[in-house]
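The following note sets out numbered comments on the structure shown below.

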Amino acid sequence: MWNRNSMEITLDEIKELEEENICYVDVRSKVAYEHGHIPYALHLDNPSEDTFKMLPKDKLLIIYCSVGEKSLDIVKDLTKAGYCAVNLSGGYRAWLIETCQELSHAEINRYERQMILPEVGTEGQKKLKNSSVLIIGAGGLGSPAALYLAAAGIGRIGIADADKVSISNLQRQILHNINNIGVNKADSAKESMEKMNDCIEVEAYPYFITAQNITEIIEKYDFIIDAADNFETKFLINDACVIASKPFCHAGILRFEGQVMTYLPGKYPCYRCIFGEVPETGSIPSCGQAGIIGAVAGIVGCIQALEAIKYCLHAGELLVGKMLIINGLTMQFRMVGFGKKSPSCRVCGNKKDIFDISENASEYERKSSCLNT
Ligand SMILES: [Zn+2]
């Protein structure tokens, strides 16, 4: 039971009061108020004797800020001015935790900076928590993608890689560190992601993604990130995702350049629509031969993470039907439109001949050398 002489009130104590006798007053910034507030709360801009005049004198004013500290001073001023005011213990955050059972106190604290965005909010954060993303490749692209998806609170993340961490990976593969040399990259990635965020689940696939296992694995995820280092796996991811109607984000990097595109099932072109077939071995240099700047892998992998986050939130525009091409040396970011699907595409065109991944297994056997690890 709330003591009328107390300057503080808890959410439990408020439940005992008649709703028509109380009025919530939000004293946070206007931007914070606009992004989310307690229903029917008034916003008090620049609290002063002047602005107090807009508040009802016949109700108990429940004043709140973010955490219940700044608002206490305003309660004192209001009391002096003859209002009946009380401070909400724990502020808006306490109310969020109480009303948002699906997110823990720790999660609300952790994701506060993105939850104040109108595109995220409580509902968006719950969407991220209930989403799952599979990252194929824990190298230069997979590293930033995995870390930012883990940080954003994607509830379930899968990471697949058969290789072991070597010292020459550390120039760009920031998921791994000196203590993980010789450790499988998927296992090392899982350890890094879990160290950063203990509110999510990470599943490691410490083996190659092949024509035999891909369909079963992608089935468990909402969105796929192609962070693979060879053309055969890129075509395998594309064909398996198109057949399974699974959205994915492709990326490739070499030297100072990168490219990114997203595929959504339906009318949009796929990776094979644009590139046709796995290139002849040796026709395109590998990163081992041509080199790669780690920061370029970082930029491109971050864009892949952002595409996955936007897909999970249903926010913004995705890179569908177009490819973003980045030149890190000149800082030119170009968008190349591809419009429709290619009629001659073997997996989504009019005369497609790829219907079953495992029946075409030999096409996806790794022959080309690496692109980005
Ligand atoms: Zn296609």
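1. Strand β10 (residues 248-254) has six of its seven residues buried, so it is largely enclosed by the rest of the structure. A residue is termed buried if 20 or more other C-beta atoms lie within 10 Å of its own, with C-beta atoms placed from the backbone. Strands are DSSP runs of E of at least two residues, helices are runs of H or I of at least four, and both are numbered from the N terminus.

2. The model is a predicted one: local features need pLDDT of at least 70, side-chain atom pairs count only at pLDDT 80 or more, and totals for chains, interfaces and linings use all residues. Residues are numbered from 1 along each chain as its sequence is written.

3. On one side of the pairing scheme, β10 runs parallel to strand β9 (residues 223-226), to which three bridges join it; strands are taken to pair if DSSP finds at least two bridges between them. I224 has F248 in β10 as its bridge partner. Together with helix α11 (residues 231-243), β9 and β10 make a right-handed β-α-β unit.

4. Strand β11 (residues 257-263) is antiparallel to β10, and seven bridges join the two.

5. The largest nonpolar core comprises 78 residues, and A146, I157, I159 and I225 have the most contacts inside it. Helix α14 (residues 294-313) gives the most to this core, with 10 residues. Apart from it lies another core, of 17 residues, including L44, Y64, C65 and L78. A nonpolar core is a set of buried Ala, Val, Leu, Ile, Met, Phe, Trp, Tyr and Cys residues joined through C-beta atoms within 7 Å.

6. Leaving aside neighbours within four places in sequence, I225 is in contact with residues including F248, C249, Q304 and A308. Contact requires C-beta atoms, placed from the backbone, within 7 Å.

7. The chain has 14 helices and 13 strands. Its radius of gyration is 26 Å, well over the 21 Å given by the globule rule for 373 residues, so the chain is more spread out than a compact globule. The radius is taken over C-alpha atoms, and the rule is 2.2 Å times the number of residues to the power 0.38.

Methods:
Buried ≥ 20, exposed ≤ 12 C-beta atoms within 10 Å, placed from the backbone. Right-handed = clockwise from strand over helix to strand, strands pointing away. Contact = placed C-beta atoms within 7 Å.
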